[in-house]
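Here is a friendly walk through one model, written for someone who likes cut-offs spelled out. Have a look at the sequence and the fold before reading on.

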Amino acid sequence: MQFLTESLIQLITQTSTNLPPDVRAAMQTTIAAETPQTQSSQALNIIASNIDMAYEDEGAICQDTGMPTFIVHTPVGVNQIAIGRAIRDAVREATKRGKLRPNSVDSLTGKNSGDNLGEETPVIHFEQWEGNEIEVKLLLKGGGCENKNIQYSLPANLDHLGRADRNLEGVRKCLLHAVWQAQGQGCAPGAIGVCIGSDRAHGYMLAKMQLFRTLDDVNPNPELAKLEAEIMEAANKLGVGAMGFGGKASLIGCKITAANRLPASFFVSVAYDCWAFRRLGVRLDASSGAITKWLYRDPSDAVQNMAESAEFPLTGHEVALRAPLTEEQVRSLKVGDVVLISGECFTGRDAVHHHLMSHEPPADLRGAVLYHCGPVMLKEGSEWKVKAAGPTTSIREEPYEATVLERYGVRAVIGKGGMGPKTLAAMKQFGAVYLNAIGGAAQFYARTVKKVLGVDWMELGIPEAMWHLEVENFAAIVTMDAHGNSLHAKVEQETGAVLAGMREA
Ligand code: SF4
């Protein structure tokens, strides 16, 4: 199969860089329905531009290219071992080309393998079928939305919704709760794959498999089709909005399956995927490995632009800031302000925060802008280039951030999804703000990076190292200010009240 590896590299590249038509259509509908001039609509505009940029540059739509998950069907007699080897070769090569971020971390040592290969990564599921061709489907689902997957064991008591029983009404409550609890942390608007029943492990697997359905299909089971439609309607009344800013867009898809269960168990498993819903597939000639057909897309159909303009729509009310920032500057900001950051900023995510608890920072962070980001970086000649650089989910740093603000004098934290009460209190006490960038907008933000000024703690791996980036007009929204206000807490409370109103079907 001389073309197999190249075909798989194409599959990975297209999946990472070109959103499929059904997801584009769902996002177009969402964008059109959102109230103009709101924070949610601004976020959607950036998302639309980012989708276009990723396609134009063949760059990763989001810097978090997730756990590559391959579903492979082979005719009887085809060598699955050879296909597994070709998948791993393709993953290694796509990582080298910057289409995938090195994401495979040894869970015992914390070491990043650097090529996306490692124990049980990538994930490959093989099945035989009676077709003559090989089918390979691929899902790239990042960590932010993966962390918002949730599994319910019924009966259960749910926030705002009360008791969920072992029936479809109980399932309805679980699914609304699943969308609500994700807020903006899974880069809403998202899509959910759901399994009613099965056991814990297989239920999650079946829920994820639902994400391989197209967003516009209709469930062949009328009862589940009805439930899917009901959830879509109700979830989009919750008011979570794009990025959790509050707004109309909360869900772009709900796909449900049901599997038999044990008498003692009633699980509802939910796989939450973000707007950057990257999944594609190919059919391959079983003797050559050449692509005979694309699934989910017709390459002869021209890809339409999503955004009306590639620029961030400026209103003239934006606050231009140059790092390092003063306490006075950050204390003058309030929730809802849009800022344009220029100057040096430092990336720092999970490993950096943990490291900072026991090590001095490698640079002076007084007045600094700390960006929760694990970029895709490539070395071109002797210079590092940013290939994708959107924000990561900030709440993971909640146990550390207050200490970082107090000890090192950081004035602004950029991330997505917001942070908790401990960080909010520290921002008020020490004078700092949280700036919500648009999750998944990796190409949009990569273009604001004018230069890579340096890197420290490279031993933590490329996504986890502390990169020093010179940015220009990096747009973000103040969602937590130095006066104790948090848009995230407000939206969570307001949507919780709406959820409570949905207690009865
Ligand atoms: S869009 Fe958001 S949730 Fe999705 S992979 Fe990117 S950062 Fe993660």
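Does Cys 345 count as buried or exposed? Cys 345 has 1% relative accessibility, so it counts as buried. Buried here means under 20% relative accessible area, exposed means over 50%, and partly exposed lies in between, with a 1.4 Å probe and protein chains only.

A word on the ground rules: this is a predicted model, where local features need pLDDT of at least 70, side-chain atom pairs count only at pLDDT 80 or more, and totals for chains, interfaces and linings use all residues. Residues are numbered from 1 along each chain as its sequence is written, and side-chain values use heavy atoms, with hydrogens and water left out.

**Cysteines**

Searching the whole structure turns up zero disulfides (pairs of cysteine sulfur atoms within 2.5 Å).

| Cysteine | Nearest cysteine sulfur | Distance |
|---|---|---|
| Cys 254 | Cys 174 | 12 Å |
| Cys 345 | Cys 373 | 8.3 Å |

Cys 254, at 2% relative accessibility, also counts as buried.

Helices (H or I, at least four residues) and strands (E, at least two) are DSSP runs, numbered from the N terminus. Two strands pair if DSSP finds at least two bridges between them. Five strands form an open sheet in the order S2-S1-S3-S10-S11, and their pairing is mixed. Strand S2 (123–129) and strand S11 (291–295) each have a single partner strand, so one side of each is left without a neighbour in the sheet. From one strand to the next, the twist averages 15°, using axes that are lines fitted to C-alpha atoms and angles that run from 0 to 180 degrees between N-to-C directions.

S10 (residues 278–284) and S11 run antiparallel and are joined by four bridges; Val 282 stands opposite Trp 294 in S11.

**Glu 169**

Glu 169 sits in helix H6 (residues 168–182). Its relative accessibility is 28%, so Glu 169 counts as partly exposed. A polar contact (a pair of N or O atoms within 3.5 Å, one able to donate a hydrogen and the other to accept it; residues adjacent in sequence count only if both atoms are side-chain atoms) of 2.9 Å joins the side chains of Glu 169 and Arg 172. Leaving aside residues up to four places away in sequence, Glu 169 touches Arg 503 and Ala 505, where contact means heavy atoms within 4.5 Å.
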